[in-house]
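Dear colleague,

Here is the structure, with its sequence.

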Amino acid sequence: MLEEGPHGLELRRADDRPGQGVRASFEGLSTRGHPFSKLLRGCTGVVVDATAGLGGDTAVLAALGWHVLAIEREPRLFQLLCQAHERITDPELQNRITLLEGDSIRCLGSLPSSFQSPAAIVLDPMYPPRRKTSALPPKGMQALRMLHADGGGDDPEGLLAAAFAASPGRVLLKRPPEAPAIVDRPATFSVGSKLVRWDAWELGAE
Ligand SMILES: C[S@@+](CC[C@H](N)C(=O)[O-])C[C@H]1O[C@@H](n2cnc3c(N)ncnc32)[C@H](O)[C@@H]1O
């Protein structure tokens, strides 16, 4: 449930008390050793996070200095993102993040002018529960799953096709480490750990 808490809106499970729910946040995340540094090496321009969720990846990208367009289609998550954006204390960080509510499969075809042909498009769709981790703390992941329990699920293939069609320099897709390829087009390179694998398609060089 999305409820008003002592510090603004929060996503609460049935047994959460006010203040124990999950909120989005764009500040206070560590960028140290984050795979984005390798994944975006050599890229110039802006970045689109087409599956913004609770804003974790957007926050890391913005902290690394990227201007980010964060797109989220789930209205309750979008409200949390808006409140998190208002709470940002560093005006420069705040300026580097632009929020857009909508379905990325459609939005990527008509990006705002300052985000057209971005350096990279980042995709982190929800996968079935076998996935054990994400950039989010477990409570955040639980909240995302709770919101999506009644939905039809994310569409990684559709998101990937829309991302390729938007002429970015690179497309980055976060996947479970053991996940098989979902498109015939092989990734240019991957950056992985025990918990997650990022596949990267370098399009600028094609
Ligand atoms: C695993 S979460 C992303 C978590 C995010 N990377 C973070 O760090 O908080 C996936 C999110 O993508 C959103 N999403 C999936 N498909 C989408 C689409 N076509 N357009 C916009 N958002 C989408 C879902 O609503 C969900 O919030």
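The ligand has 23 residues around it, and T51, G53, G56, R73 and S104 come nearest (a residue is near a molecule if its C-beta atom, placed from the backbone, lies within 6 Å of it). This is a predicted model: local features need pLDDT of at least 70, side-chain atom pairs count only at pLDDT 80 or more, and totals for chains, interfaces and linings use all residues. Residues are numbered from 1 along each chain as its sequence is written.

The shell around the ligand divides into ten nonpolar, six polar and seven charged residues (Ala, Val, Leu, Ile, Met, Phe, Trp, Tyr, Cys and Pro count as nonpolar, Asp, Glu, Lys and Arg as charged, the others, Gly among them, as polar). At least two shell residues each come from α2 (56–63), β4 (68–72) and α5 (104–107). Helices (H or I, at least four residues) and strands (E, at least two) are DSSP runs, numbered from the N terminus.

In α2, seven of the eight residues are buried (20 or more other C-beta atoms within 10 Å of the residue's own, all placed from the backbone). Among them are G56, D57 and T58. G65, which follows α2, has a positive phi, near 105 degrees.

Seven strands form an open sheet of mixed pairing, in the order β5-β4-β3-β6-β7-β9-β8. Strands pair if DSSP finds at least two bridges between them. β5 and β8 (189–192) are the edge strands, each pairing on one side only. β6 and β7 (170–175) run parallel, joined by four bridges. V122 stands opposite L172 in β7.

Regards

Definitions and conventions. A residue is buried if 20 or more other C-beta atoms lie within 10 Å of its own, exposed if 12 or fewer, and partly exposed in between; C-beta atoms are placed from the backbone.
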